[in-house]
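Please look over the sequence and the structure shown here before reading the notes on chain contacts and chain architecture.

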Amino acid sequence: MDKRILAVLGIAALAAVPQFGLGNYHLHLLITVLIWGFVYTSWSVMGRFGMVSLGHGAFLGVGGYVVTMLWNSFGLTPWVGIPIAIVLSMTMALLVGYPCFRFRIVGHYFALVTLALGEVVRLTIVGLRDQTGGSLGMTVEGVPGGTSFLALQFGERATFFYLALIVWAAGLWVWRMVDRSMLRYALEASSEDEDAAASVGVNVTRAKLMITMLSAGMTTIGGALYAQYQMYINPETISGIGISLQIVFAVIAGGLFTQLGPTVGAMFTLLLAETLRVTFGHDIHGLDGTIYGLLLVLFIIYMPKGITGSIAAGLVRRRGAPGAAPAAATH
Amino acid sequence: MTGDVMLEVRRVSAGYGSFRALFDVSLEVRAGEAVGVIGPNGAGKTTLLRVISKIIAPSSGEVVMEGTPLGPVPAHRVVEMGIAHVPEHRRLFPRLTVEENLRMGAFHPEARKRFRERLDFVYELFPRMKERRDQMAGTMSGGEQQMCAIGRGLMSGPKLLLMDEPSAGLAPVIVQQVFGLVKRIRAEGYTVLIVEQNIQQVLQVVDRAYLLEVGTIKQSGSSAELLASPEIRRAYLGL
Amino acid sequence: MFDTFLLESIINGILLGGVLALLALGLNLVFGVIDVVWICYAELVMIGMYTIWWLFVFYGLPLPVAIGAGIAVVALLGVLLHILVIQPVLGTAPINQLLVTGGVLFFLQAAATLVFGIEFRNLGVRMPVVEFGDMFFSFARILAFATALVGVLLLWLFLTRSYLGTAIRAISQDREIMPLMGVDPRRIYLITSAIGGGMAGVAASLLVLQYDVHPAIGLSFGPITFMVCVMGGLGNMLGGFVAAFVFAQFISVGGYFFQIEWGYVIAFAFFIAMMFIRPKGLFSR
């Protein structure tokens, strides 16, 4: 079947979900999966080419805080605030990315440099406590009645669900565009052998910068969306190392190299965390997190390809098997 | 003057992944001998030495040192059996000093006890190394690095010295010097197994040699015999 | 006009630099030898702080004994981390190696919450304040600085004078030929992990004298430790040592002029700026 038809059908099916009378809790879970699925997809746009950022919290933070501060202080609509935040994030990505890619800072180095970027943003938010409320966090000022298109606030959860669905689908579309673009070949060549790629005329630095800025911009939208949905943000949950690591985990868990991998990762990590929280979290503080951490470690050791990657590998093996069977029968 | 069989390689096959580099190779080295393994690039010479010092495991066959099969011996214990391997491209620790490199050669407990004595010996053999003792090994010339690499091998107090392409990547004048070094090592009474592409030169310093081509031994004999062999003269010496 | 408070900040920065240097050195050692970054390094320190607190306050052991035990526990933790977590992922994609210790970070944080709760704990030991002219310095900081320097010196002696130390430096330069030297790399990895853990334990003993311990404390100095290592050049110990003092000055003096977070922000911004100038670290070779 044509994949495009499949995609349209899938999204249509998802769009119909709120009509089935889901409770608020389940709708909330779905929205959360969509928002984080989008953020994780944004990360994987660059992560899949070996650029492992441990600092995407920086872009989430800019998205959440810039948009909220502009709205709270100046009444500037998020429709303008988000583009401003995106420009800011992309500038940051450019400033940090350029020396990294120009001077071939890769692997562990790159990860730690991006981690520093995340910290700069988090500490800036804390330091600007007069404007941001510091570590106590910040509440998005609600509009009377709870719903305003201009304020990007929707009292009705179902409406927000559609917004998140559109953004998420757009994220997948961008992922696909990158997957099909020349950039991909340039970057894959460069992750194999940067010198060889450069020698055949691929401008590696520029290709990497473009993809990084794209990823940063998308993540910024994710941060703003999260703030608009939760109506509350705080520097630890939006820009801390915890969230930056969480992004990478979820993508690895779901699968780094498949289109739906990051979304599967969002589903998996959210369900796991929710199950553990509901099962253990109320009685014994910290038990859910302990098990979660342990599972993450085991997961990376025993399932390094992630869920979708492992399923794909399993399918290839199964498809290979019938072909091998007749050959074996001739003996 | 040669004694009992020291090292025996019995029908060894080895490779990397699905690639086979050695097929059924057998050879022996007697105490006091200098033996060469000659052959073109890619013939499996380095692989052979790597099998002997257990950097890689053979897929079949075995290596026996003074009657002890090396199969069950862990790689880092081979040096204690009296086998020192001077690897291809010297492989010094570039950011350790010359003396620290030599100290690494004497890492195993038995060798540590005699570190001073052997250090003096190496410095006597290569006075240049004594001058450069505090210099970073990576900053020395190729010839000096080769001295240091051989010295590092000697620090373990070996009975058998494996040398992998000691002349590789060196200028012709230095190559002469390096083969001079090999002669001196021989004169000190060490048993040597040397792998070389520089056939003309190596046949001047070894007693006998094996010709290895695409992973199999094609010919063997005394240096004089091989130098006289029509195939070798035609294919390798350009005569 | 001479500013006593500024001088006090500068000196406090130097004192802080000692502890940062110790932390960075342990992490750097592990990275240089095993080629893996322990993202959970600061959490090992946190466990060390809790161990000392628990043995001292709860069990009533004398402080030196508690500290000794704390260091041993973290050293052992380093070895366990290597055997249980690092060994299985050696040779897999670098991203997995980074993440697996990130998972340990989550695990240790949550486990500390589970066992010790989220309350802030302290030893309740009052350290005297040293007065010098118009300036005041905490004795704990001076002690920490002195101990850190001694620790760094001892490590340096070990790495340069002993066979094992030389092997530890050698293995980061050429892994493959180590068996030819009679060195078992796995043993070196274990020893290095123990030393790296031990350094975290020493740092824990110095920090627990100055600060309250809580499950998230690692996040307050973990990132800065990574920055110090990167700026010094990962695996380059001298570089890490100098970078620690540079960073500490930024934090301390920056914190004097502004608020403490701004000190950190300036330090991190400086770090990113340095990436343009010295992309492979201050003392890249």
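The notes below cover the interfaces and then one chain by itself.

This is a predicted model, in which local features need pLDDT of at least 70 and side-chain atom pairs count only at pLDDT 80 or more, while totals for chains, interfaces and linings use all residues. Residues are numbered from 1 along each chain as its sequence is written, and chains are lettered from A and ligands numbered from 1 in the order in which they are written.

**Chain A with chain C**
- The contact joins 41 residues of chain A to 40 residues of chain C, two residues being in contact if their C-beta atoms, placed from the backbone, lie within 7 Å.
- On the chain A side, α4 (78-102), α5 (107-127), α12 (241-254) and α14 (287-302) each supply at least two residues, helices being DSSP runs of H or I with at least four residues and strands runs of E with at least two, numbered from the N terminus.
- The most residues on that side come from α5(A), which gives 15.
- By class, the side of chain A that touches chain C has 30 nonpolar residues, 10 polar and one charged, where Ala, Val, Leu, Ile, Met, Phe, Trp, Tyr, Cys and Pro count as nonpolar, Asp, Glu, Lys and Arg as charged, and the others, Gly among them, as polar.

**Chain B with chain C**
- Here the contact takes 21 residues from chain B and 14 residues from chain C.
- The side of chain C that touches chain B has eight nonpolar, three polar and three charged residues.

**Chain B by itself**
- Chain B has 10 helices and 10 strands.
- Along its principal axes, the C-alpha trace of chain B spans about 45 × 45 × 40 Å.
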